[in-house]
Amino acid sequence: MINAGRDSARAPDMRWLRPSVIDGWRRLSARLHADSLFVAEEEIAKQRTAYVGSGFDYEAAADVLKKIGPTPNGPQASYRALIGAVAKLERPSWLSVIPRGRMLLESVLDVDARGCFARAGLLDGHPDDQAVELLDQLAQLARGWNALERMDSARKAERLSLEVERRRCAAIRGAQPPVWVALDNNAAGYDILSSCQRGGQIAPKYIEVKSSRATPPVVFLSRNEWEVGSRSPDAWVLHCWIMHEARLVELTWDQLRPHVPNDAGVGRWEIATISPDGCSPICGDL
């Protein structure tokens, strides 16, 4: 991690995204290109008292030089290169809002970071093609991180449901332990195959697992998942884990049916947004 010195309370991405750092990075890079024996620490000591270097943050610039190498030619290219590197290395807080547009991005940047984005040409009224391409790359990077977070949350929810079903099956004489189907076949339309008692006999229980960190909680049900459930409505349930409360909402097919949309005309639904607490649920917790 970066040695932040007197700025240690500041997040690494915001410490780097300052004009004084990028200007220092450009000067150190120029010295490196000119002298193969160049040592950044010696230059830092020299420039601390040099008039031409006043106002440059050479300590932070040296961190940048060590982590991502010399700056590209040209000031605008340097700003763009550092913004891209910070996004990949540090996963800064502003990255998550980029897919939602520049207006929101500007509102979450501090003054220094906003200045860096402006100098990179990323906030121009008519940005060039390279600027738009960089913004699109940053948005795609943010979506990738978000997808990883959603997958992590989904797997945690599946593990929680497995544990609940293991306890339930253990209390049913002759029931087999639950099977984590989604781990081997994500297209099955359900995540866990468990068991329950129905009509005095052991019967299959197909469980689709969802997780939510939102307030109020919402989950997203696909058409395929619903169609799989509709083929065995008495045996299919939806597990909705409200992760920040460690709370399980279990919904039967009958409880969900009034809240699932219908096709109309040439329209066909693919994803339904469901509010678990609004479906007369069976609730439980850990």
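Predicted model: local features only at pLDDT ≥ 70, side-chain atom pairs only at ≥ 80, totals over all residues.
Student: How many helices and strands does the secondary structure of the chain have?
Tutor: The chain has 286 residues, and buried residues make up 43% of them. Its secondary structure comes to 10 helices and eight strands.

Student: What percentage of the contacts in the chain with a separation of 6 or more comes from residues 24 or more positions apart?
Tutor: A contact requires heavy atoms within 4.5 Å. Among contacts with a separation of 6 or more, the share of residues 24 or more positions apart is 63%.

Student: What share of the accessible surface of the chain belongs to carbon and sulfur atoms?
Tutor: The accessible surface of the chain comes to about 15,600 Å². Of this area, the share that belongs to carbon and sulfur atoms is 52%.

Student: Is Y79 buried or exposed?
Tutor: Y79 lies in helix 5, which covers residues 75–90. A residue is buried when its relative accessible area is under 20%. The relative accessibility of Y79 is 4%, and therefore Y79 counts as buried.

Student: Why does C116 count as buried?
Tutor: C116 is found in helix 7. The buried residues of this helix, residues 111–119, are A113, G115, C116 and F117. C116 counts as buried because its relative accessibility is 0%.

Student: How far apart in space are C116 and L17, C-alpha to C-alpha?
Tutor: Leaving aside neighbours within four places in sequence, C116 is in contact with L17, R18, P19, I22, Y79 and I83. C116 and L17 are 99 residues apart in sequence, while the distance between their C-alpha atoms is 6.3 Å.

Student: Which residue follows helix 7?
Tutor: At the start of helix 7, a side-chain oxygen of D110 reaches to within 3.3 Å of the backbone nitrogen of D112. After helix 7 comes a residue whose phi is positive, near 80 degrees, namely G121.

Student: Which element gives the most to the lining of the largest pocket?
Tutor: The largest pocket has a volume of about 760 Å³. Of the 28 residues that line this pocket, the closest to its centre are R150, M151, A154, K210 and S211. The elements giving two or more residues to the lining are helix 8 (129–170), strand 3 (201–212), strand 4 (219–222) and helix 9 (223–231). With eight residues, the element that gives the most is helix 8.

Student: Which backbone nitrogen does the side chain of S212 reach?
Tutor: S212 lies in strand 3. At 4% relative accessibility, S212 counts as buried. Not counting residues up to four places away in sequence, S212 touches P217, V218, V219, W241, I242, M243 and H244. At 3.3 Å, the side chain of S212 reaches the backbone nitrogen of A214.

Terms used: Residues numbered from 1 in each chain as written. Heavy atoms only, no water. Helix = DSSP H or I, 4+ residues; strand = E, 2+ residues; numbered from the N terminus. Buried < 20%, exposed > 50% of the residue type's maximum accessible area, 1.4 Å probe, protein only. 1 Å grid on protein atoms, 1.4 Å probe; cavity = no way out; pocket = protein on both sides within 12 Å on 5 of 7 lines; lining within 4 Å. Points joined across faces, edges and corners; volume = space filled by probe spheres on them. Polar contact = N/O pair within 3.5 Å; in protein donor to acceptor, adjacent residues only side chain to side chain. Areas by Shrake-Rupley, 256 points an atom, 1.4 Å probe, with all protein chains shown as cover.
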